[in-house]
Amino acid sequence: MNFIDNPRKLRGFEKNIRVEKVSRRSILKGLGVTGGFVLAAPVMSRQALAYETGAGKMPHGVVVDPRVFVSVAPDGIVTIVGHRSEMGTGVRTSLPLIVAEEMEADWSRVKVQQAHGDEVKFGNQDTDGSRSTRHYLIPMRQIGASARTMLEQAAAKRWGVPATEVKAVNHEVVHSASGRKLGFGELAADAAKESVPSIEGLKLKDPKDFRYLGKGQIGIVDLHDITTGKARYGADVRLPGMKYAVIARPPVTGGKLVKFEPDAALKVPGVEKVMQVRGWPWPSKFQPLGGVAVIARNTGAAIKGRDALKLTWDDGPNGKYESAAYRKELEEASRKPGLVLRQEGDADAALKGADKVIVGEYYIPHLAHVSMEPPVAVADVKGDKAEIWAPVQSPGGTREDVAKTLGIPEANVTVNVTLLGGGFGRKSKCDFALEAALLSKELGAPVKVQWTREDDIHNGFLHTVSVERIEAGLDKSGKVIAWRHRSVAPSIASTFAAGTVHQAPFEIGMGLVDMPFEIANISCENPEAAAHTRIGWFRSVSNIPRAFAVQSMVGEIAQATGRDQKETLLALIGSPRIVKPAVKDLWNYGEPLDSYPIDTARLRKVVELVAEKGEWGRKVSKGHGLGIAVHRSFVSYIATIVEAAVDEKGKLTVPRVDTAIDCGTYVNPERIASQIEGAAIMGLSIAKYGEITFKDGKVQQKNYDDFQVIRMDESPVVTNVYIVPPGPDTPPSGVGEPGVPPFAPALINAIFAATGKRIRSLPIGKQLEA
Amino acid sequence: MIKVKINGQEQSWDGDPDLPLLWFLRDEAGLTGTKFGCGQALCGACTVIVDKQAVRACITSVNDVAGREVTTIEGLHPTGDHPVQKAWRQVNVPQCGFCQAGQIMQAAALLMDNPKPSHDQIRESMAGNICRCGCYQRIENAVHLASTGV
């Protein structure tokens with residue numbers, strides 16, 4: 001018997017509201033592309049909350065129902081549903097831990113069950129945008145408090161005492177007046193018969209009584225399985241009669257298959273079949289690119305078979321895409337006025353009248369996600385029913401897209417979410433699951449589609465490529481009086497709508513128009529740029545180029561005025577205040593500005609904290625230098641100090657990194673630290689090596705040898721993380737992504753301090769040599 | 001017919017002798033703890049121990065290990081309590097966890113060869129194993145902990 005039995009109409013959740021899709025997949029609707037839709041979703045009452053979030057505006061909103069998320073078995077084992085995808089942030093532990101905290105469950109007697117993709121049942125499941133804790137801290141507390149209340153009511157009835165006299169404590173309910181106790185397991189059947197309490201009446205725990213939240217003493221639930229090889233990722237799913245497939249896809253975005261010769265492939269031992277896969281015309285959203293699939297008895301045979309295929313492609317309209325030429329186009333566009341997105345004062349006039357103008361033109365190339373687990377999916381399609389097993393960040397979106405692609409009702413599609421071997425935004429796009437579904441339907445058998453690393457790099461959804469040009473005008477005293485920032489980059493929206501040349505609100509809101517400096521004359525502009533490949537979300541998205549440009553410019557201003565970097569930064573941030581950029585419908589990571597304002601007091605605080613703990617201004621050895629950068633993203637505030645060392649041959653090492661984060665109220669500081677440690681490594685990978693280039697429309701890199709990422713021998717020797725203690729009721733904010741943006745500019749500023757060389761083009765590559 | 005001992009059990013293979021050991025382990029023998037990351041011995045996610053050496057299963061054929069003893073993450077310790085595994089849990093190393101089996105196998109092989117590696121030796125020896133989540137600081141600390149007693 002458990003709480004999931006006999007779902008009834010919920011009390012306290014009657015108010016259904018119409019919500020708009022605003023998530024990463026909601027872009028479909030915003031762009032007028034068919035496929036977006038509007039759904040009624042139950043949402044929590046707002047009255048009980050100390051703050052509002054954008055959770056209710058996500059597709060299918062939030063479901064607060066203990067019967068959906070919690071079950072208690074007679075033996076006392078409490079099962080809590082984790083409905084977000086685990087890609088390394090620890091969310092599969094953190095959200096259930098919040099429920100366990102509130103319901104007084106003993107964590108050692110809690111099991112976590114992964115939800116399949118069903119947003120009507122569980123609420124929104126898009127695990128992206130660093131949103132999970134931000135949107136679910138309060139709902140998960142309410143779910144836990146509801147379950148606790150039901151257990152307490154059941155015990156009170158059993159004993160014939162008022163519910164006010166009993167209290168749940170560590171997996172049992174006690175009546176202290178009589179000394180009686182009943183375990184959760186003994187109460188499970190009765191508790192399931194209790195009605196779900198209204199949210200308004202729920203009493204949440206006093207944070208001073210927390211056992212788990214904010215403590216960081218709990219390891220992730222999959223820790224034992226991961227260290228023993230039992231953890232199940234997408235590729236680890238094996239079904240009876242399953243076939244193994246790899247696909248040869250068009251090497252150029254928008255290209256098409258002309259012909260293929262399967263004979264040599266069919267001679268490879270273990271290869272069973274060669275077949276064409278349907279592709280969609282570019283821009284194809286998350287739909288498959290098409291190509292030729294080799295079906296075999298194991299993945300090795302399928303790969304060998306694919307190598308033997310003879311393929312002829314029509315490269316289509318992007319066959320001339322070439323990175324060096326495209327860079328020139330972007331640079332030229334950045335030198336001319338563009339669409340004005342934010343205008344305060346008169347930047348043109350102020351720049352003309354300035355005593356000194358500093359110009360920085362920054363280049364940040366395409367990047368590939370290269371999560372350790374390449375895309376992979378298993379599908380079993382029988383008649384008008386489909387079952388999918390896949391490492392997807394968007395289980396609900398995957399379900400919708402599988403249903404649409406196969407032309408079957410969504411109710412007939414089951415999406416089982418495995419662990420994700422890294423996501424970083426790549427697995428928000430479910431093209432690999434759609435490929436598996438199409439092949440399984442055609443073969444009438446379960447199929448696993450495995451992407452190789454080369455496929456991942458050649459046919460991904462890349463991070464954009466951009467030129468960020470900033471002109472800063474200084475008066476005689478060295479004060480910045482004018483700021484013009486032009487950002488030129490192909491937009492993610494181009495993957496959804498042909499003809500896109502301007503960046504979308506969610507892109508310009510990532511560090512361009514929300515720039516927080518106290519400057520009288522500001523102009524933020526977006527000249528046009530057309531895309532020639534699939535652009536997608538990459539961990540922290542447009543914040544990577546923006547923080548790189550803005551925080552490098554701070555370093556350049558310090559350099560030009562001969563002032564300290566940190567003091568220059570604080571002077572630019574200016575007085576503690578709420579920044580209200582003159583921007584219509586400012587995009588704020590989907591969050592209301594009332595709960596999540598642009599608060600320069602918090603921005604200053606992380607700079608001061610990291611400067612203190614990171615010993616800003618400390619003496620460093622010859623050839624070493626310190627650099628600092630701060631950036632607000634995903635409504636969190638993060639400052640980083642990097643110590644860089646460059647030897648006579650130009651070899652770069654990073655002896656120390658210090659990062660301070662203010663992410664509001666937090667759940668698991670130990671996982672926050674691990675995210676920030678990892679962000680430093682990813683930041684260093686981007687700065688030192690990250691570059692995807694195109695020639696003749698094709699990606700020139702293929703694997704980890706020519707698209708390098710940081711390895712242990714070159715990783716920072718030590719990364720220290722400092723978390724700002726939250727004020728009462730400070731809303732939680734993002735953690736997974738915001739650690740990345742400040743790293744590269746802090747490193748570049750440190751390299752300048754160490755060598756006097758100013759790097760404006762990423763990656764660093766060989767620029768420090770000779 | 002190729003015979004190979006995997007985690008103490010004799011297995012045989014009569015298919016393509018050039019089949020990479022990785023795919024034999026994962027798709028034919030059902031041992032999915034060993035991961036595919038690059039297929040070119042660049043990332044170390046597929047690291048297994050052959051006799052006493054760490055090897056990349058993605059570029060090692062079944063034929064290469066004929067008559068030899070292969071240990072995968074599933075066979076490293078009967079209850080998963082090898083000092084490296086215990087240290088990994090104590091330090092809370094993994095984020096996504098996908099590369100960790102390969103990291104653990106590499107670390108176990110390192111400690112067989114050099115029971116007390118210095119921090120520099122750890123950083124050097126583990127450099128063939130990529131972690132895209134960036135758990136290096138913790139991996140380094142866990143290997144050090146395993147070498148000094150968990």
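Select helix α16 (residues 543-561) and helix α17 (residues 565-573) of chain A. In this predicted model, Val554(A), Gly555(A), Ile557(A), Ala558(A) and Thr561(A) of α16(A) meet Gln565(A), Thr568(A), Leu569(A) and Leu572(A) of α17(A). Two packed helices are described by the angle between their axes and the distance between the axes. For α16(A) and α17(A) the angle is about 115° and the axes are 9 Å apart. The two helices, α16(A) and α17(A), are therefore roughly perpendicular to each other, and their crossing is right-handed.

**The sheet of 7 strands in chain A**

Next, select β11, β12, β9, β19, β16, β17 and β18 of chain A, given here in their order across an open sheet of 7 strands with mixed pairing. Which strands stand at the edges? They are β11 (271-277) and β18 (413-417) of chain A; each has a single partner strand, so one side of each is left without a neighbour in the sheet. From one strand to the next, the twist averages 25°.

To locate one pair of bridge partners, pick Ala390(A) and then Val417(A) in β18(A).

Then select helix α9 (residues 299-307) of chain A, which lies across β9 (243-248), β11, β12 (291-296) and β19 (447-450) of chain A. Helix α9(A) runs at about 30° to β9(A).

**The sheet of 3 strands in chain A**

Move to β3, β4 and β5 of chain A, which form, in that order, an open sheet of 3 strands with mixed pairing. Here β3 (70-72) and β5 (110-114) of chain A stand at the edges with a single partner strand each, so one side of each is left without a neighbour in the sheet. The twist in this sheet averages 25° from one strand to the next.

Strand β4 (residues 78-82) of chain A runs parallel to β5(A), with 5 bridges between them. Pick Ile80(A) to find its bridge partner in β5(A), Val112(A). Helix α3 (residues 91-103) of chain A packs on this sheet, where it touches β3, β4 and β5 of chain A. The direction of α3(A) makes about 135° with that of β4(A).

**Chain B**

Now display chain B, which has 5 helices and 5 strands. Along the sequence, these follow the pattern β-β-α-β-β-β-α-α-α-α. The radius of gyration of chain B is 15 Å, close to the 15 Å that the globule rule gives for 150 residues, so chain B is as compact as a globular protein of that length. Taken along the principal axes, the box filled by its C-alpha atoms is roughly 45 × 25 × 25 Å. Of the 150 residues in chain B, 59% count as buried.

For the last stop, select strand β1 (residues 2-6) of chain B with β2(B); they pair in the antiparallel sense over 5 bridges. Lys3(B) has Ser12(B) in β2(B) as its bridge partner. The two strands, β1(B) and β2(B), form a hairpin with 2 residues between them, and Asn7(B) in the turn has a positive phi of about 50°. How many of the 5 residues of β2 (residues 9-13) of chain B are buried? The number is 0, so β2(B) lies largely in the open.

Key:
Residues are numbered from 1 along each chain as its sequence is written. Chains are lettered from A and ligands numbered from 1 in the order in which they are written. This is a predicted model: local features need pLDDT of at least 70, side-chain atom pairs count only at pLDDT 80 or more; totals for chains, interfaces and linings use all residues. Two strands pair if DSSP finds at least two bridges between them. Helices (H or I, at least four residues) and strands (E, at least two) are DSSP runs, numbered from the N terminus. Axes are lines fitted to C-alpha atoms, for helices over the stretch in contact, and angles run from 0 to 180 degrees between N-to-C directions. Two residues are in contact if their C-beta atoms, placed from the backbone, lie within 7 Å. The radius of gyration is taken over C-alpha atoms; the globule rule is 2.2 Å times the number of residues to the power 0.38. A residue is buried if 20 or more other C-beta atoms lie within 10 Å of its own, exposed if 12 or fewer, and partly exposed in between; C-beta atoms are placed from the backbone. Angles under 35 degrees count as roughly parallel, over 145 as roughly antiparallel, 65 to 115 as roughly perpendicular and the rest as oblique. A crossing is left-handed if the near helix is turned anticlockwise from the far one by less than a right angle, and right-handed if clockwise.
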